[in-house]
Amino acid sequence: FVTEKYSTTPKDYLSSIAFQLQTINFPNQPIKTVTSNWQEMAEELSETESFGRVVKPLGVYKKQIEGLGLDGKSELEKAAIVFNHVRKNIVWNKKYGIYLNNTIAEVFKNKEGSSGEINLILTGMLKSAGLEANPVLISTRGHGILRKGYPIKSQFNHVIAMVNLGEGLVTLDATNRLLDFGVLPENDLNRSGLVILGKNSAWVDIEPTANYKKVTSVIASVNEDQLKLGLRIQEKGYSGARCRALYNKKEKDCEKFLQAHLEDGFSEMEIDTAWVNEYSLKSGFVSGGEILTSNFLNQSGDFIYLEPLMNEAMGENPFKLEKRMYPVDIPAPIDETYNLTLSVPEGYEVVEMPKPTKVVTPDKMALFTFQSNSIGQVIQLQAKLKIDKTLFLPDEYEGLKSFYDYVVKKQAEQIVLKRKT
């Protein structure tokens, strides 16, 4: 089995056998059914002390809620306040689970808990605030896709909350502090989940409510044998969350962050200035600075060869298999824009530059556009990549692979400048 980008765990596609006890039959005793279907399993969980009781309105929750100022607030405002209170006061210990392992009081006292403890408590607090909320059992992408035809409890390794806000259902996961309200972590995006509502339990779709959004703007000029670049990078959704995580890891040092953020593309880089604006989780994460680099620029005699997409070019197609027997499963849609304004150095002229183009898949779910123009001594380019569909079946692989082949080749095209004679 060869793994490739955009896939869940390999065990989803390898043959295996799983067992779960269904009945117990002792001599001279009636047969006892352990689990026969999802509905019975859900009803059993609803009565379990470490699951069903935790998501009921309880006094311990009401004490927490008293100081949150929920009076007069809308349902959406109440849900957001409770959600932020839980994730601010309980840190995820990086362990997944579907049960409460400690008492509710101990979790609040220790300010730490498993994913199950955090989100079961979140569900209970939402109910205590007068909202309609229920737990949803899911399997994370790393744990495996759910096989709905087999009622095996071990398929689940995580629980999230679902709240009805009148205008629609919103799924919540308070284990992640870097995503906006209503945006699930990437690892949660595994297609479906089971809402535990006792006898009314049902399957629901788990869909992304954010994307990987990135807008890179570069103002460039040739400085002898180097490129001088002014950068502004705005990232939202999952791209923004990754930036916040990296920024925190670099102890909110702007220069260290920019160095780490760009190091995959720039092997030789001198940072003159660096800055970061965190903004809100909804507005995104913006960073930038001024750098000097000798990457992506090659001088030969009277010619200058420049790779205009620089570190934003893919370099290679992520899809290399002749035939992929499992789906391409992207957690969320992709929306990336790259803008370049290049000042042509004095004494040079443009002799070659990438031509405008547009390519789209037959179902119009993947789009790449490239715009370019040259006015006087200024070149302007824009490249946009949009992937709106998140699941491509094996019979769509060849078309997607060909699409990316074209994008990679286009991104590699160069600007050629020549010294005027």
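Predicted model: local features only at pLDDT ≥ 70, side-chain atom pairs only at ≥ 80, totals over all residues.
Local features need pLDDT of at least 70, side-chain atom pairs count only at pLDDT 80 or more, and totals for chains, interfaces and linings use all residues. Numbering starts from 1 along each chain as its sequence is written, and side-chain values use heavy atoms, leaving out hydrogens and water.

**View 1. The nonpolar cores.** The largest nonpolar core holds 65 residues. A nonpolar core is a set of buried Ala, Val, Leu, Ile, Met, Phe, Trp, Tyr and Cys residues joined through side-chain atoms within 4.5 Å. Buried means under 20% relative accessible area, exposed over 50%, partly exposed in between (1.4 Å probe, protein chains only). Leu 229, Ile 291, Met 310, Ile 387 and Phe 403 touch the most other members. A second, separate core has 46 residues, including Phe 83, Phe 156, Val 170 and Phe 181.

View 2. Ile 271 lies in strand β12 (residues 269-277); strands (E, at least two residues) and helices (H or I, at least four) are DSSP runs, numbered from the N terminus. Ile 271 is buried, with a relative accessible area of 13%. Leaving aside neighbours within four places in sequence, its contacts (heavy atoms within 4.5 Å) are Glu 255, Leu 258, Gln 259, Glu 290 and Ile 291.

**View 3. Strand β17 and its partners.** Strands pair if DSSP finds at least two bridges between them. Strand β17 (residues 334-343) runs parallel to β10 (residues 212-223), joined by 10 bridges. Tyr 212 has Ile 334 as its bridge partner. β17 runs antiparallel to β21 (residues 378-387), also with 10 bridges. There, Thr 341 stands opposite Gln 380.

**View 4. Helices α2 and α5.** The axes of α2 (residues 59-66) and α5 (residues 115-128) come within 9 Å and cross at roughly 70°. Axes are lines fitted to C-alpha atoms, for helices over the stretch in contact; angles run from 0 to 180 degrees between N-to-C directions. The two helices are therefore roughly perpendicular (65 to 115 degrees). Tyr 61, Lys 62, Gln 64 and Ile 65 in α2 meet α5 residues, among them Leu 120 and Met 125.

**View 5. An open four-stranded sheet.** The strand order is β14-β15-β23-β18, with antiparallel pairing. β14 (297-300) and β18 (348-352) are at the edges, each with a single partner strand, so one side of each lacks a neighbour in the sheet. β14 pairs with β15 (residues 303-306) over four bridges. Asn 298 stands opposite Tyr 305.

Methods
Parallel < 35°, antiparallel > 145°, perpendicular 65-115°, else oblique.
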